[in-house]
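Reader: I'm new to this one. Could you show it to me and walk me through the terms as we go?

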Amino acid sequence: MDLKVPFSDKDEAKRLGARWNPQRRVWYVPPGVDPRPFARWRSGQATDQPYRIMSREAYLVTAAEQCWRCKQGFQAIAFLMSPGFILDEPTEGGGRERLADWGFAEYITRLSPEAARFAQGVQPAYRQGYSRTTESRYWANHCPSCSALQGDFHLYSEPDGAFWLAEPEDAARMQARPLPGDFRADADIALGHGDAWRIPGVRATRPSSGRPFGPPPSPRSPPSPNPILGWLRSLGRGS
Ligand SMILES: [Zn+2]
């Protein structure tokens, strides 16, 4: 596999295992070497690089949001990944990690075309946009009325954001629908959403395949009555 390595990066590419072909005057990844650490130097084919996160079970979640600029209400969308989703860090020191928590994908810089189509089918104003706050471009909610970008920080990390999820009541404000396929994206992850399974629609049947994801986890039940304690109490009452 050939690489486009700028002169300033050549020492790093070499250290990672790339080799120089003096005849063709090109850096390349020799057979048997993991190509993922070289993703940033691959020419052209950006779309076939592995995605940073992948979830076999994922949901498109909608919730009501109010535009910060024109104050119109609209349905914001988010991608929710279920426990077991995979984080793949192709950088040095990274690796493949399976996460045990629910997570929202935030600051999505690359989104699989299938997931993008599905999201835009639900909310056509969802698209890539440039945020002046973060000075970066990512897949963001936009107001359908005035097209203002609605920042991910507000949506996920502020208590009045649409996808703030701290209490069971927050989950009740949202609606989830299963994605028809895997979710793949380059994105950050907003973790710590233990109540995400409470969102209506989570663990519902996947529409295309009809395969259920499995039974919902049972809500925390009160501690089961201790039979011996009950027996002791009945003795006490009897005397
Ligand atoms: Zn607006």
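Author: A nonpolar core is a set of buried Ala, Val, Leu, Ile, Met, Phe, Trp, Tyr and Cys residues joined through C-beta atoms within 7 Å. Buried means that 20 or more other C-beta atoms, placed from the backbone, lie within 10 Å of a residue's own; 12 or fewer makes it exposed, and anything in between partly exposed. This is a predicted model, where local features need pLDDT of at least 70, side-chain atom pairs count only at pLDDT 80 or more, and totals for chains, interfaces and linings use all residues. Residues are numbered from 1 along each chain as its sequence is written.

Reader: Which residues touch the most other members of the largest nonpolar core?

Author: Among its 45 residues, these are Val61, Ala78, Phe79, Leu80, Met81, Ala105 and Phe163. Elements giving two or more residues to this core include β5 (58-66), β6 (73-81) and α2 (113-122); helices (H or I, at least four residues) and strands (E, at least two) are DSSP runs, numbered from the N terminus. With seven residues, β6 gives the most.

Reader: What makes Tyr107 count as buried?

Author: Tyr107 has 21 C-beta neighbours inside 10 Å, and the definition asks for 20 or more, so Tyr107 is buried. Its place is in strand β9, and its phi is near 50°, a positive value in a residue other than glycine.

Reader: Why is Ser147 called partly exposed?

Author: Ser147 has 13 other C-beta atoms within 10 Å, which falls between the limits of 12 and 20, so Ser147 is partly exposed. You'll find Ser147 in the loop between β11 and β12 (149-150).
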